[in-house]
Amino acid sequence: MNSFETLTNRWYIPARTLPVYCDSDGVWHITGYPEARAVLQGAVRQAGFKAETFERIPPQFRIEKPVLFQEGEPHREQRRLTAKFFSPATVRQRYIPLMERTADAILAEFQQKRRGDLNQMAGMMATSVVAEVVGLTESPLPGMTRRLDRILHANLDIGLDLRHLPAYLNVQGLVLSFYLRDVRPAIRIRRRQPREDLISHLISQGRRDREILVECITYGAAGMVTTQEFLCVAAYHFLRHPDLKEAFLQGDSERRRAMLEEILRLEPVVGHLYRRAEQDLEIVSEGQTVIIPAGALIDLHIMEINRDARALGADPLAYNPERETERGVSISGMSFGFGAHRCAGEHLALTESEVFLSRFLALPGVHIEREPALGRNETIEGYELRRFMVAL
């Protein structure tokens, strides 16, 4: 479908067309899919999502790393132990009924008011699901959504020197509020009566409150902001293209999932992944061997990687949910990452999106009342849609 125009093309500046290159600052850029796969399977460590800011925390305040920043065997073991919370069977049995109830409640209010901000509705949907998975169920949802959103939009370039002190104090205040209002009440309940959620799992491992707090922020951010923005961008395209909307509503679950993944390939919520080379990396690119030196920062450009015809098939700039990809390549490209740090909540997010959008798009007369304002979220290096007004 050549008329499919991505929202992010309005402000996205493509990187150089070379699959791998080094800039004048010594940062290595990856724009090709095979090269990105080689990097993410190599000896690298997490350098995105403020991982290196975490490393600057003074030793006296240091805590056990959250799973997002762990590497090697500790990371593999933690992923193994928490996989049960995100498995297809768990999503089907435990979370789909919650998703359906939540979507119905949100859309019932929308139908009553006849207009609303889709970004806010999507935020409520995403937060309700992630709250159940994590165990943040002891405080009112709207307040927790706002507190998480403030943390995600805070200046996280923090430190204890005078220049960074205001940002540091602001973040500390936001995190303290989230802990006192949302996390601590959930921990107290689960110490007395464990449940099948992440907080109970962390308590069973002997993790301290502040370590649980960091994991709650990590999973909350991953589960809320990414799904929230994708729900908005997918709805935008379906509402702009009635034929796509009708195909989505008439399709079975497999068809709907393919349509969502193709939109996500073209509009990845997380625009960049960052890694740092632990040792010299040898990358074969177009028949040439390139050596990325140990210690180098590597910037993986997800939008370009997702449009590499070598892996994603012919005409990669076009929308085509039936596209034939290289063997082992997801139709969504690397929108959920790749390798050890691939997003654990992939199935959860796609199911949640399918549940909400199948109900929202089926509402008679639903349409865009005001085009959303397109901005950037610096924490996840991606887009965000605000003041997205829809009406009946």
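Me: Accessible areas here come from the Shrake-Rupley method with a 1.4 Å probe. What does that give for the protein chain of this predicted model?
Reply: The accessible surface of the chain amounts to about 17600 Å². Carbon and sulfur atoms account for 52% of that surface.

Me: What makes a residue count as buried, and what share of the chain is buried?
Reply: A residue is called buried if its relative accessible area is under 20%. In this chain of 392 residues, 57% are buried.

Me: Why are E2 and E8 called paired strands?
Reply: Pairing needs at least two bridges between two strands. Strand E2 (residues 28–30) and strand E8 (residues 297–301) are joined by three bridges, so they count as paired. The two strands run parallel, and Ile30 stands opposite Leu300 in E8.

Me: In which order do the strands of the open sheet stand?
Reply: The five strands follow the order E1-E2-E8-E5-E3, with mixed pairing.

Me: Why are E1 and E3 at the edges?
Reply: Strand E1 (20–22) and strand E3 (44–46) each have a single partner strand, so one side of each has no neighbour in the sheet. On average, neighbouring strands of this sheet are turned by 30 degrees against each other, direction ignored.

Me: Which strands does helix H1 lie across?
Reply: Helix H1 (residues 33–40) lies across E1, E2, E3, E5 (272–277) and E8. H1 runs at about 140 degrees to E8.

Me: How many helices and strands does the protein chain have?
Reply: The chain has 14 helices and twelve strands.

How values were computed: Residues numbered from 1 in each chain as written. Predicted model: local features only at pLDDT ≥ 70, side-chain atom pairs only at ≥ 80, totals over all residues. Heavy atoms only, no water. Helix = DSSP H or I, 4+ residues; strand = E, 2+ residues; numbered from the N terminus. Axes fitted to C-alpha atoms, helices over the stretch in contact; angles between N-to-C directions. Contact = heavy atoms within 4.5 Å. Buried < 20%, exposed > 50% of the residue type's maximum accessible area, 1.4 Å probe, protein only.
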